[in-house]
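Me: Hello! I would like a close look at one part of this model, the place where its two chains meet. Could you walk me through it in plain words?

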Amino acid sequence: MNTPRNILALLPDNTVDAGCAASFDVLHSYVELEFSGVDPTLSQPGLAAHISSCPACREDYLGLRDAASLFGDIEPFPS
Amino acid sequence: MDSSSRQWLDGLAASGHDHERCVAALHALLLRVARYEVSRRAGSLQLRGTELEDIAQQASDDALMAIRSKVASFRGDSRFTTWAYKFVMFEVSTKMGRHFWRHRHASMDADNWVELPDLGAVAPDKRTEDREIFAALRRAIDQDLTPLQKKVFVAVALNEVPMDAMARELGSNRNAVYKVLFDARRKLRESLAAAGYERPTKSSGSAA
């Protein structure tokens with residue numbers, strides 16, 4: 001269980017939270033912006049706010065970042 | 001668009017043998033990603049090897065279906081593979097949520113968080129503050145949340161039940177569960193602010 005101080009941290013105040021569905025729609029571009037060295041929180045603040053508040057979407061983001069890094073440049077028919 | 005992405009799109013749009021080869025290659029790739037992701041998340045559940053493999057297989061199958069049905073919506077704003085892998089993430093999360101209740105016995109009882117954590121290592125003045133915050137939070141949860149908000153907040157935020165497991169329990173979906181959690185947090189922030197505690201509230205926000 002979370003301690004009282006951590007409980008206060010579980011009440012984030014995100015004014016621009018995009019929600020799960022809208023965040024999923026742009027999660028791939030958010031990750032690629034991050035890879036390119038651009039701060040994705042500037043262009044997609046709603047997603048940034050969301051993944052800081054939603055544990056499920058945050059896990060998806062972390063997994064996608066790993067997967068895109070490890071398996072990102074694979075072609076269907078490698079020569 | 002990068003050449004790899006173009007190859008994937010051309011292969012999926014092709015017919016006959018080329019199409020079948022591309023679909024097979026994509027499925028194999030999605031399965032690799034699903035296995036990796038299942039393994040990455042496995043620590044949160046006590047799943048065995050065959051269960052993990054089943055989840056990876058099911059997730060890659062369903063991700064492939066989703067990708068084939070939605071490929072026309074891919075706009076080239078990332079590599080094709082990155083776009084495709086997000087469907088794997090979603091399917092893995094959903095399927096691991098289904099398995100959650102088999103191996104964990106986190107309480108769904110919205111009243112099952114009455115115990116104050118051990119505060120022995122905390123300075124005396126902070127212990128008093130923690131107890132006050134805890135009491136204020138408990139009052140707010142009991143008095144200000146709807147039964148559904150209370151159930152979701154206690155399970156997800158306090159007892160760390162995965163949201164996809166909670167969605168399954170409620171016969172709902174992640175987006176709807178998050179909306180309930182979002183509204184519960186907002187009410188609690190407002191209640192704690194009214195009680196004089198920091199962190200609370202700046203706005204009403206939105207979690208569409």
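Me: To get my bearings, in what order do the elements of chain A run from the N terminus on? And which residues make the contact of α5(A) with α2(B)?

Reply: Happy to! This is a predicted model, in which local features need pLDDT of at least 70 and side-chain atom pairs count only at pLDDT 80 or more, while totals for chains, interfaces and linings use all residues. Residues are numbered from 1 along each chain as its sequence is written, with chains lettered from A and ligands numbered from 1 in the order in which they are written.

From the N terminus on, chain A runs α-α-α-α-α, so there are 5 helices and 0 strands (DSSP runs, numbered from the N terminus: H or I of at least four residues for helices, E of at least two for strands). Of its 79 residues, 44% count as buried (20 or more other C-beta atoms within 10 Å of the residue's own, placed from the backbone).

Now to the meeting place. In all, 42 residues of chain A are in contact with 54 residues of chain B (C-beta atoms, placed from the backbone, within 7 Å). On chain A, the elements giving two or more residues to this side are α1 (4-9), α2 (20-35) and α5. Of these, α5(A) gives the most, with 10 residues. By class, chain A's side has 24 nonpolar, 9 polar and 9 charged residues (Ala, Val, Leu, Ile, Met, Phe, Trp, Tyr, Cys and Pro are nonpolar, Asp, Glu, Lys and Arg charged, and the others, Gly among them, polar).

Let's zoom in on α5(A). On the α5(A) side, the contact is made by Glu59(A), Gly63(A), Asp66(A), Ala67(A) and Leu70(A). Facing them on α2(B) are Val33(B), Tyr36(B), Glu37(B), Arg40(B) and Arg41(B). Sorted by class, the residues of this contact are 4 nonpolar, 1 polar and 5 charged.

Leaving aside residues up to four places away in sequence, Val88(B) touches Val33(B) and Glu37(B), among others including Leu30(B) and Ala34(B).

Notes:
Two residues are in contact if their C-beta atoms, placed from the backbone, lie within 7 Å. A residue is buried if 20 or more other C-beta atoms lie within 10 Å of its own, exposed if 12 or fewer, and partly exposed in between; C-beta atoms are placed from the backbone.
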